[in-house]
Amino acid sequence: MAPETMKAWTHSRAGLPSKVLTLDTLPVLAVTTPTQVRVKISHCALNPGPSIVMQLLPFVFRASKAIPEMDFSGAIVELGSNVPVERNLAVGTEVFGSMPIGQHVKKTSGALAEYIVVDCDAVVKKPGGQSLEQVAGLGVAGCTALDLIKAAKLKTGDSVLVNGASGGIGHLVLQMCRAKVGETGKVVAICSSSNVGWVKELGADEVVDYKERSPIQSYLAGAYDLSRFNAVIDAAGIQAIFNHCPDYLAEGKPYVTVGPRQPNYTVLGMISTIGLMAKNFLWPRILGGVPRPYVQVAAAETLDGLQELAQMVEDGKLKVHVGAKYKMAEALQAYDRMLSGHAQGKIVVEMGE
């Protein structure tokens, strides 16, 4: 039986995590529909998206007290009366999942807490081969990586450039690229020198240090102009790499991205980013637009996506790299690390004692 109260990080105004978050005590949420499950959270993985929501979304659109984050892992402690038998979920089942953005915004519910209640379609059984700490990072980042890969339309033997290959999304994209292009294909990864070793272990044929090869777009133009890529997947949103991609991306091949990196998490920063998105999508070639297809992905976590990720982990084709782990009381430090823009893999917060 779950306790009546739980610890959770909460905020009641928009702003930076260090300015608005408080470690709070709240009532444990109840299972209110027949298909919901209650999960005792073991780990919460941080993502930039929920942080943007925390900093920019006015509380006129939010629950009066919000709990940040959406991705989690843990064990089921209660099921609704009509959870489908074929889901193979029971009290005690270890799962990972992601809270839908609508529920996250409208209710006092999030993953940076000891308990969470979601529909059973928001969780899947934890696969073998990875810990709860690792699979907590699969939800948002993993589903985004899946959509990036599908948009790139890679096939066996292709060559692909992955920017941001050591990030939360990028290191998953890298592994998926390796599986798609096979041994006859080529995967080139961009990251910093401190990450070269483990990024290469995940399947990169070549790793380019963007600090050593600055400006990176000039290096790419010189190194790959005679063997241009079949796709560029930008998991970091570096505008200069898109602007110059015709120098290293084959004619007609896609530049697939998570969107331009925001200069800062402010309203002006968001407006600037939206302007760049519009320019990248709409600016015609005849007026100087980049002559390559621009594809921007905004993934939504789905049961099919979570199940596909679980199967990839089970088959040994995907693993989550946890670059930093923090205790629940250290969540503010975890946010500082993520917002620095130099996180390695996923940042995970261990919940409870």
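Two strands count as paired if DSSP finds at least two bridges between them. Helices (H or I, at least four residues) and strands (E, at least two) are DSSP runs, numbered from the N terminus. The legends below describe a predicted model, in which local features need pLDDT of at least 70 and side-chain atom pairs count only at pLDDT 80 or more, while totals for chains, interfaces and linings use all residues. Residues are numbered from 1 along each chain as its sequence is written, and side-chain values use heavy atoms, with hydrogens and water left out.

**View 1**
Strand E8 (residues 159-163) pairs with E9 in the parallel sense over five bridges. Within this pairing, Val160 stands opposite Val187 in E9. Between E8 and E9 the chain passes through helix H6 (residues 170-181), and this β-α-β crossover is right-handed; that term applies if, with the strands pointing away from the viewer, the path from the first strand over the helix to the second runs clockwise. On E9, strand E10 (residues 206-209) is joined by four bridges, and the two run parallel. Ala189 stands opposite Val207 in E10. From E9 the chain reaches E10 through helix H7 (residues 196-201), in another β-α-β crossover that is right-handed. The bridge partner of Ile190 in E10 is Val208. Strand E9 (residues 186-191) is mostly covered, with five of its six residues buried (buried means under 20% relative accessible area, exposed over 50%, partly exposed in between, with a 1.4 Å probe and protein chains only).

**View 2. Helix H5.**
Helix H5 (residues 139-152) has 14 residues and reaches 20 Å from its first C-alpha to its last, close to the 20 Å expected at 1.5 Å a residue. The expected span is 1.5 Å times one less than the number of residues. H5 is largely enclosed by the rest of the structure, because twelve of its 14 residues are buried. Among them are Gly139, Cys143, Leu146, Leu148 and Ile149. After H5 comes Lys153, whose phi is positive, near 55 degrees.

**View 3. Gly97 in strand E5.**
Gly97 belongs to strand E5 (residues 94-98). Its relative accessibility is 0%, so Gly97 counts as buried. Apart from neighbours within four places in sequence, Gly97 is in contact with Met70, Asp71, Phe72, Ala122, Val123 and Leu306 (contact means heavy atoms within 4.5 Å). Gly275 lies 178 residues from Gly97 in sequence and 33 Å from Gly97 in space, C-alpha to C-alpha.

**View 4. The second largest pocket.**
The second largest pocket holds about 200 Å³ of space. On a 1 Å grid over the protein atoms alone, a pocket is an open set of points with protein on both sides within 12 Å along at least five of seven lines, a cavity is a set of points where a 1.4 Å probe fits but cannot get out, and lining residues have an atom within 4 Å of a point. Grid points are joined across faces, edges and corners, and a volume is the space filled by probe spheres set on the points. Strand E7 (123-125) and helix H11 (303-314) each supply at least two lining residues to this pocket. H11 gives the most, with four residues. The lining includes Glu86, Arg87, Lys125, Gln307 and Glu314.

**View 5. The largest cavity.**
One cavity of 30 Å³ or more is found in a search of the whole structure. About 40 Å³ of space lies in the largest cavity. Helix H9 (239-243) and strand E12 (255-257) each supply at least two residues of its lining. Among the lining residues are Asp234, Gln239, Phe242, Tyr255, Thr257 and Tyr294.
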